[in-house]
Amino acid sequence: MEHRPPVVVYQVQKTLPFQEKVRSEVLEKNVFEALTGACDTLVRDGLPHITSRRIQKGLIDEIHIVYASPWHLSQAKTLTITNDTPFVVTEKLVQESVSKETQNMVTSSVLAEARVTSEMSVIEERVTNIALNGYDIDTPFGKKTQKLTMTLFVSALEKQFREKIEEIVNRFVHAKDISHHSLPLAFFSTVRDAFAVGKDFLLICAGEEITDIAYARGEILRDTASFPWGRAHIIRSLAKDLSCLPEEAESLLNTQHLETLRGDIKEESRQALEKACSTWAGYLRETVKVFSGSGALPRALFLITDEESDVFKKTLERGELFGKSGSSAFDVTAMNKHILAPFCKAAGAVKKLDPRIAVATLYAQTLSADPKKD
């Protein structure tokens, strides 16, 4: 059967109000308001683009909600069980080990480190790899080993936040199933399945307030991390240093706009942008140290950010910012419409397909085709 790329027939995006100083309660309120507005627009203006009468009536089989930071708490971890004598690997043994580790992740100590105080709801619990005596294996159950190694990925949301999101969605559409996912796992699965990139790669999503990073080695999601610096922080830094409006600062994230400036204004803007991007690169360097250990990081890197913000791609390619003088630091693939076009199509109503929506669509298609596939 011929594989056909999924088609995004309609998309709606709501931009959160810019905050000079971020307050979590205001940010959460803005998310709920944006989601309400987006759902209302989707039902009012988007459904006429759908040919299925069933969907036009708001009857949808599946809703997949993909969260970027800071809304999810995610962790990738390697679990190891050893014994002096061989033991049989069973589904019960694996499930008990996974359940115990999942519970550990949502204990008070872990949540306190992440500054989370409310009850959590687990949304993803995936064993992405199993190895027996150091060898990866697809069918481990019933086999004997002295060393069982599992790679586990777990994500959770604050329970009240999840319930509020579902309550808003259910006001507008009725679905048989609503499932929740984290962007790192969706991004990883999409790159692994769609791109001939090799076994090792990095994934970066430069969001508004937080940058998410994921590390894949041997086609397995080995680790995830984040740091609190994104597009909004660079905009704030530029606005402060240049004494300009946030809208003016935001335009400088596109280096083509920077080149149109003249004289002292151009040089002052360039220096301010250099300072802000160097700060972002510094956070990134410190964060990825936990991935590499004594080894080298992969050069292949996939990037999600606002398509107009090319400063992130250019910063990642600068070797001197990452200890590689004279050469680019990474081979960066920006997830834009040209890269995504062979894998995810956009209908005429979608003028510019957002990379996050494309990644979420590809991931949802995979889950719909095979619910057990991660």
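Reply: First, the ground rules. This is a predicted model, where local features need pLDDT of at least 70 and side-chain atom pairs count only at pLDDT 80 or more, while totals for chains, interfaces and linings use all residues. Residues are numbered from 1 along each chain as its sequence is written, and side-chain values use heavy atoms, with hydrogens and water left out.

Me: How many helices and strands does the protein chain have, and what makes a run count as one?

Reply: The protein chain has 13 helices and 13 strands. Both are DSSP runs, numbered from the N terminus: helices are H or I with at least four residues, strands are E with at least two.

Me: What share of the protein chain counts as buried, and what does the term mean?

Reply: Of its 374 residues, 44% count as buried. Buried means under 20% relative accessible area, exposed means over 50%, and partly exposed lies in between (1.4 Å probe, protein chains only). The protein chain exposes about 19900 Å², and carbon and sulfur atoms supply 50% of that area. Such areas come from the Shrake-Rupley method with a 1.4 Å probe; for residues, only the protein chains shown count as cover.

Me: Why is a set of residues called a nonpolar core?

Reply: The set must consist of buried Ala, Val, Leu, Ile, Met, Phe, Trp, Tyr and Cys residues joined through side-chain atoms within 4.5 Å. The largest such core has 36 residues, and I234, W280, L284 and L316 have the most contacts inside it. Elements that each supply at least two residues include β8 (201-206), α7 (231-242) and α10 (263-292). The largest share, nine residues, comes from α10. A second, separate core of 29 residues includes F188, V191, L203 and C344. In soluble globular proteins, nonpolar side chains tend to be buried together.

Me: Which residues does W280 touch, and what counts as contact?

Reply: Contact means heavy atoms within 4.5 Å. Leaving out residues up to four places away in sequence, W280 touches I204, A206, T211, F227, W229, I234, F312, T315 and L316.

Me: What makes β8 mostly covered?

Reply: Six of the six residues in β8 are buried. F201, L203 and C205 point one way, and L202, I204 and A206 point the other way.

Me: How do you know which strands pair with β8?

Reply: Two strands pair if DSSP finds at least two bridges between them. Six bridges join β8 to β9, and these strands run antiparallel. Four bridges join β8 to β11, and these run parallel. I204 has I213 as its bridge partner in β9 and L303 as its partner in β11. β8 and β9 form a hairpin with four residues between them.

Me: What makes α7 largely enclosed?

Reply: Of its 12 residues, 10 are buried, so the rest of the structure largely encloses α7. Among the buried ones are R231, H233, I234 and L238.

Me: How do you know the span of α7 agrees with its length?

Reply: The expected span of a helix is 1.5 Å times one less than its number of residues. For the 12 residues of α7 that gives 16 Å, and the end C-alpha atoms are 16 Å apart, so the two agree. Just after α7, S243 takes a positive phi of about 50 degrees.

Me: Why is the pair R231 and E208 called a salt bridge?

Reply: A salt bridge needs a side-chain nitrogen of Lys or Arg within 4 Å of a carboxyl oxygen of Asp or Glu. The closest N and O atoms of R231 and E208 are 2.5 Å apart, so the pair qualifies. R231 lies in helix α7 and E208 in the loop between β8 and β9, 23 residues apart. R231 is buried at 5% relative accessible area, whereas E208 is partly exposed at 40%.

Me: How do you know that R23 and E25 also qualify?

Reply: Their closest N and O atoms are 3.9 Å apart, so the pair falls within the limit. R23 is partly exposed at 49%, and E25 is partly exposed at 48%.

Me: Which residues are linked in a network of salt bridges?

Reply: D40, R44 and D45 are linked in one. Within it, D45 and R44 meet at 3.5 Å, N to O. The whole structure holds 22 salt bridges.
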